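Trainee: I have a protein model open and would like to learn how to read it. Could we go through a few features together?
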Amino acid sequence: MKLKFILAGLLVACVSVANSVELNKDALKSMQQEGHKLLEESSAARAYKGAGGFCLDIAGEEMVVRSCNAKTKNQQWKLDGQARLVAQNGKCIDGARLKKCSSAQTQKWSHDGKKRLANGKKQCLQIQGEKPKAGAKVVVSACSGSTKQVWK
């Protein structure tokens, strides 16, 4: 009689464990789907708004700032899987110019905790000039606390 109770208890324990494993599989699948969604959102094209409310833009092969316009493809950037800032034309920001994408450290960018766009050489994109204005050039400079290096 005791053996029946022990076997019944073991059976209940095994079924409970099997059900919890199923629940964990569902939770893992849900977490994986959420991770894919976050990755897609983070790699979507976006604009970078700098000091004075101007957006990072392209002038030929150089970087400038202009009034923000969501319809302008020159203001849409993707941070790709290799940490490169890629323009809609497929070229990458290298220093403060557009060039063919490569694995150069000058093309590896991060949007750091201070909202600066910093490359692999610890240089940041910065709006040139005393006061930001439309058409101002964007240069690379040693990263600092300057508001001209903040990109939202």
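Trainee: Let's take Cys101. Is Cys101 buried or exposed, or something in between?

Mentor: Keep in mind that this is a predicted model. For burial, you look at relative accessible area: under 20% is buried, over 50% is exposed, and partly exposed lies in between. Cys101 has a relative accessible area of 23%, so Cys101 is partly exposed.

Trainee: Which residue does a disulfide join to Cys101?

Mentor: The partner is Cys92, with an S to S distance of 1.9 Å. Cys92 has 0% relative accessibility, so Cys92 counts as buried. You can also read the handedness of the link: the torsion about the S-S bond of Cys92 and Cys101 is about 90°, so this disulfide is right-handed.

Trainee: How many disulfides does the structure hold?

Mentor: There are three disulfides. One of them is formed by Cys55 and Cys68, with sulfur atoms 1.9 Å apart. Cys55 sits in strand β1 (residues 54–59) and Cys68 in the loop between β2 (62–67) and β3 (77–79), so this pair ties together parts that are 13 residues apart in sequence. The torsion about their S-S bond is about 95°, so the link of Cys55 and Cys68 is right-handed.

Trainee: Are Cys55 and Cys68 buried or exposed, or in between?

Mentor: Cys55 is at 3% relative accessibility and counts as buried, whereas Cys68, with a relative accessible area of 34%, is partly exposed.

Trainee: And which residue is joined to Cys124?

Mentor: Cys124 is joined to Cys143 by a disulfide, S to S 2.0 Å. Cys124 lies in strand β9 (residues 123–127) and Cys143 in the segment after β10 (138–142), so the pair connects parts that are 19 residues apart in sequence. This link is right-handed, with 100° about the S-S bond. Cys124 is buried, with a relative accessible area of 0%, while Cys143 is partly exposed at 27%.

Trainee: What is the pairing if I number the bonded cysteines in sequence order?

Mentor: Numbered that way, the pairing is 1-2, 3-4, 5-6.

Trainee: Now to the inside of the protein. What is the general idea behind a nonpolar core?

Mentor: In soluble globular proteins, nonpolar side chains tend to be buried together. In this model, the largest nonpolar core has 20 residues. The residues with the most contacts inside this core are Leu56, Met63, Trp77, Ile93, Leu117, Leu125 and Trp151.

Trainee: Which strands each supply at least two residues of this core?

Mentor: They are β1, β2, β4 (85–87) and β9. Strand β1 gives the most to this core, with three residues.

Trainee: My next topic is charge. How should I think about salt bridges?

Mentor: Side chains of opposite charge can pair when their charged atoms come close. A search of the whole structure here finds six salt bridges. One of them is between Asp57 and Arg66, whose closest N and O atoms are 3.5 Å apart. Asp57 counts as buried at 2% relative accessibility, and Arg66 counts as partly exposed at 34%.

Trainee: Which residue meets Lys137 in a salt bridge?

Mentor: The side chain of Lys137 meets that of Glu62, at 3.7 Å, N to O. Lys137 lies in the loop between β9 and β10 and Glu62 in strand β2, so the pair ties together parts that are 75 residues apart in sequence. Lys137 is partly exposed, with a relative accessible area of 41%, and Glu62 counts as partly exposed at 28%. Glu62, Arg97 and Lys137 are linked in a network of salt bridges.

Terms used. Residues are numbered from 1 along each chain as its sequence is written. This is a predicted model: local features need pLDDT of at least 70, side-chain atom pairs count only at pLDDT 80 or more; totals for chains, interfaces and linings use all residues. Side-chain values use heavy atoms; hydrogens and water are left out. A disulfide is a pair of cysteine sulfur atoms within 2.5 Å. Helices (H or I, at least four residues) and strands (E, at least two) are DSSP runs, numbered from the N terminus. Buried means under 20% relative accessible area, exposed over 50%, partly exposed in between (1.4 Å probe, protein chains only). A nonpolar core is a set of buried Ala, Val, Leu, Ile, Met, Phe, Trp, Tyr and Cys residues joined through side-chain atoms within 4.5 Å. A salt bridge is a side-chain nitrogen of Lys or Arg within 4 Å of a carboxyl oxygen of Asp or Glu.
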